[in-house]
Amino acid sequence: MHHRKLGPLSVSAIGLGCMGMSEFYGAHDDAQSIDTIHRALDLGVNFLDTADMYGPFTNEQLVGRAIRGRRDSVVLATKFGNQRNPDGSWVGVNGRPDYVRAACDASLLRLGVDHIDLYYQHRVDVTTPIEETAGAMGDLVRAGKVRCIGLSEAAPATIRRAHAVHPITALQTEYSIWSREPEDEILPTVRELGIGFVAYSPIGRGFLSGRIKSVEDLEPDDYRRQSPRFKGENFRKNLDLVERIGQLAREKGVTPAQLAIAWVLSRGDDIVPIPGSRRIPHLEENVAAVNVTLTREELARIDDAAPKGVAVGDRYPDMTRVNN
């Protein structure tokens with residue numbers, strides 16, 4: 001496993017997104033998920049990503065159980081800000097300082113750890129000045145509860161304002177062959193400021209793997225059924241993109257998922273993809289992408305097959321919560 005730097009954190013070049021182990025992608029199996037996390041650690045994947053809203057709350061508990069006895073080998077990232085009730089109902093986005101402190105304490109208890117390595121604001125609270133939120137996060141660092149802080153789906157101006165209050169170690173935003181919007185303003189901004197970039201959904205929520213041929217391949221409660229890119233004519237048009245990526249992968253002798261992750265890795269040493277895996281075979285497939293090197297010619301062919309803006313449909317049904 002290769003490593004990359006996110007500020008003072010040395011993380012595996014490919015991390016593990018744990019969200020789907022508890023919610024959003026249909027049925028889940030905690031024992032299977034813990035086995036997958038253990039296998040990831042054995043393979044040298046030390047960067048685990050969770051959030052308090054996943055479950056809600058149960059994903060942090062799951063990750064906490066999985067890393068018990070192995071905490072020193074884990075760079076642990078979690079998030080706050082998308083506030084939900086225990087029954088899963090939505091409360092709203094909350095970045096108020098009192099909530100920041102309470103959310104962190106609750107996450108520490110669920111994870112069973114004494115500190116969080118990377119603590120993100122999951123979504124920007126447009127009703128609370130980012131300076132107040134970043135200040136409260138900085139207080140957590142000074143208290144020893146958090147090592148580094150980050151933002152998720154924040155706009156360039158917001159990133160600058162937060163970074164002026166307390167150094168931002170990483171920005172987490174969706175980035176993949178079919179979600180290249182960060183290249184316009186966000187990536188240049190974080191690179192100017194020396195902030196690392198964590199790419200979630202590098203396989204396009206599984207779509208780029210080529211395994212999803214129909215919406216019926218998704219479980220009834222899979223949240224991707226609500227995504228504009230997975231609906232109707234959008235779905236059919238996006239399948240054309242998947243076929244082009246699949247052909248390039250076959251010519252390379254890798255899987256489409258490996259090609260998609262390798263492409264994200266190729267975009268810069270300051271970028272760390274965190275594909276999600278619930279099963280060991282998919283985990284091992286994804287991790288193997290760290291050894292896939294794409295030539296200039298192959299990268300050019302990917303650009304031709306999947307130019308910026310190629311995906312049909314928005315990333316989320318409600319785009320007002322991102323890039324704020």
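**Helix crossing, a buried aspartate and aromatic pairs**

H3 passes H4 in a right-handed crossing. The model is predicted. Helix H3 spans residues 97-111 and helix H4 residues 130-142; their axes come within 8 Å and cross at roughly 35°. From H3, Pro-97, Val-100, Arg-101 and Cys-104 take part in the contact, meeting Glu-132, Thr-133, Ala-136, Met-137 and Leu-140 of H4. These residues divide into 6 nonpolar, 1 polar and 2 charged.

Now turn to strand E4, residues 47-49, where Asp-49 sits. Asp-49 has a relative accessible area of 4%, so it is buried. Its side chain makes a polar contact with the side chain of Lys-79, at 2.6 Å. Beyond its neighbours within four places in sequence, Asp-49 touches residues including Leu-16, Cys-18, Tyr-54, Tyr-120 and Ile-274.

The aromatic pairs come next. The count is 11. In one of them, Phe-24 and Tyr-223 have ring centres 5.4 Å apart and planes at 65°, so the pair is edge-to-face. Phe-24 lies in the loop between strand E3 and helix H1, and Tyr-223 in the loop between strand E11 and helix H7, so the pair ties together parts 199 residues apart in sequence. Phe-24 is buried at 19% relative accessibility. Tyr-223 is partly exposed, at 25%.

Tyr-175 and Phe-197 also form an edge-to-face pair, 5.7 Å centre to centre with 80° between the planes. Tyr-175 is in the loop between strand E10 and helix H6, and Phe-197 is in strand E11, 22 residues apart. Both Tyr-175 and Phe-197 are buried.

One aromatic cluster is formed by Phe-24, Tyr-25, Tyr-54 and Tyr-223. Tyr-54 is also among the contacts of Asp-49.

Conventions
Residues are numbered from 1 along each chain as its sequence is written. This is a predicted model: local features need pLDDT of at least 70, side-chain atom pairs count only at pLDDT 80 or more; totals for chains, interfaces and linings use all residues. Side-chain values use heavy atoms; hydrogens and water are left out. Axes are lines fitted to C-alpha atoms, for helices over the stretch in contact, and angles run from 0 to 180 degrees between N-to-C directions. Helices (H or I, at least four residues) and strands (E, at least two) are DSSP runs, numbered from the N terminus. A crossing is left-handed if the near helix is turned anticlockwise from the far one by less than a right angle, and right-handed if clockwise. Contact means heavy atoms within 4.5 Å. Ala, Val, Leu, Ile, Met, Phe, Trp, Tyr, Cys and Pro count as nonpolar, Asp, Glu, Lys and Arg as charged, and the others, Gly among them, as polar. Buried means under 20% relative accessible area, exposed over 50%, partly exposed in between (1.4 Å probe, protein chains only). A polar contact is a pair of N or O atoms within 3.5 Å; within protein, one must be able to donate a hydrogen and the other to accept it, and residues adjacent in sequence count only if both atoms are side-chain atoms. Rings of Phe, Tyr and Trp (its six-membered ring) pair if their centres lie within 6.5 Å; planes under 30 degrees apart count as stacked, over 60 as edge-to-face and the rest as tilted.
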